[in-house]
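Trainee: Could we go through this model together, one question at a time?

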Amino acid sequence: MALDFLAGCVGGAAGVLVGHPFDTVKVRLQVQSVEKPLYRGTYHCFQSIIKHESAFGLYKGIGSPMMGLTFINALVFGVQGNTIRALGKDTPLNQFLAGSAAGAIQCVICCPMELAKTRMQLQGTGEYSLKSKNYKNSLDCLVKIYQKEGLRGINRGMVSTFLRETPSFGFYFLTYDSLTRYLGCEVEDSYIIPKLLLAGGMSGIVSWLSTYPVDVIKSRLQADGVRGVVQYNGILDCVRKSYREEGWRVFTRGLTSTLLRAFPVNAATFATVTVFLMYMRSEENLHECEAGPAIQQPSSL
């Protein structure tokens with residue numbers, strides 16, 4: 001469990017640093033006004049942010065995921081591994097169930113973290129420009145939301161987060177497990193790192209594709225009320241109004257940015273986790289401590 005915790009932290013940090021700029025673009029595209037859109041697409045959004053806010057604008061709100069990654073990754077890897085062991089057999093179905101359990105439990109931390117991230121990513125831009133100095137940082141954002149709206153405000157979007165994370169993590173770990181087995185990821189393989197990068201990156205893409213429309217709704221619900229006017233009464237109301245005003249394409253808005261981000265982020269995360277565990281377990285072996293194989297499936301990471 002200690003190694004799971006540390007590996008998750010290191011891998012999560014690598015993933016956040018690689019992928020946060022893409023996430024900022026995704027959120028901006030998801031919540032922009034259809035009547036007065038600021039961005040024409042993914043590339044234009046990147047270009048506009050760098051031009052008007054500098055490269056640091058792409059990293060707005062990074063404090064929130066950085067604060068939460070320790071607990072999130074500890075929960076994800078710990079719960080997933082222990083669930084597989086509890087189920088007693090490493091099968092594709094159990095991989096999916098264990099991943100789903102991990103995704104469901106980490107929502108408690110993920111939802112407030114993403115709420116702060118979303119608010120920080122939006123403030124000072126376009127229709128949100130009047131709110132440019134509302135929050136100093138992610139922690140200040142959460143404190144002010146709590147002072148104004150209480151626990152309910154902090155957990156805005158919890159149900160949609162749960163609906164996204166539960167199946168998403170199931171597909172995530174199932175895909176990674178299947179690909180590492182198919183590619184024959186063995187410690188003696190000289191191509192082990194490229195294979196792990198491929199398996200991790202593809203796992204991220206499959207995971208996002210499986211629940212992306214739910215993520216659009218979550219972003220809209222968490223951004224709702226920033227301008228002082230609440231547009232949606234809940235998930236179904238948000239789905240109906242979004243579809244009526246913008247059509248089915250609204251549920252794929254920001255998908256390009258998300259998929260561009262998903263591959264390098266999850267490739268970096270899984271490769272970093274695995275390399276970290278390889279090093280730590282080799283150190284344990286040198287001290288004649290009991291340790292598992294250096295490269296294992298996600299259930300053993």
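Trainee: In this predicted model, how are the axes of helix H8 and helix H9 oriented where they come within 10 Å?

Mentor: Helix H8 covers residues 192-223 and helix H9 covers residues 235-246, and their axes cross at roughly 105°. Angles of 65 to 115 degrees are counted in one class, and therefore H8 is described, relative to H9, as roughly perpendicular.

Trainee: What is the volume of the largest cavity, and which residues are closest to its centre?

Mentor: Searching the whole structure gives two cavities of 30 Å³ or more, and the largest cavity has a volume of about 700 Å³. Its lining includes seven charged residues, beside 13 nonpolar and eleven polar ones, and at least two lining residues come from each of H1, H3, H5, H7, H8 and H10. Of the 31 residues that line the largest cavity, the closest to its centre are Ile72, Phe169, Arg261, Val265 and Asn266.

Trainee: Which elements give two or more residues to the lining of the largest pocket?

Mentor: The largest pocket holds about 350 Å³ of space, and among its 16 lining residues Arg152, Arg156, Gly157, Asn233 and Gly234 lie nearest its centre. The elements that give two or more residues to this lining are helix H6 (138-154) and H7.

Note on methods:
Residues numbered from 1 in each chain as written. Predicted model: local features only at pLDDT ≥ 70, side-chain atom pairs only at ≥ 80, totals over all residues. Heavy atoms only, no water. Axes fitted to C-alpha atoms, helices over the stretch in contact; angles between N-to-C directions. Helix = DSSP H or I, 4+ residues; strand = E, 2+ residues; numbered from the N terminus. Parallel < 35°, antiparallel > 145°, perpendicular 65-115°, else oblique. 1 Å grid on protein atoms, 1.4 Å probe; cavity = no way out; pocket = protein on both sides within 12 Å on 5 of 7 lines; lining within 4 Å. Points joined across faces, edges and corners; volume = space filled by probe spheres on them. Nonpolar A, V, L, I, M, F, W, Y, C, P; charged D, E, K, R; others polar.
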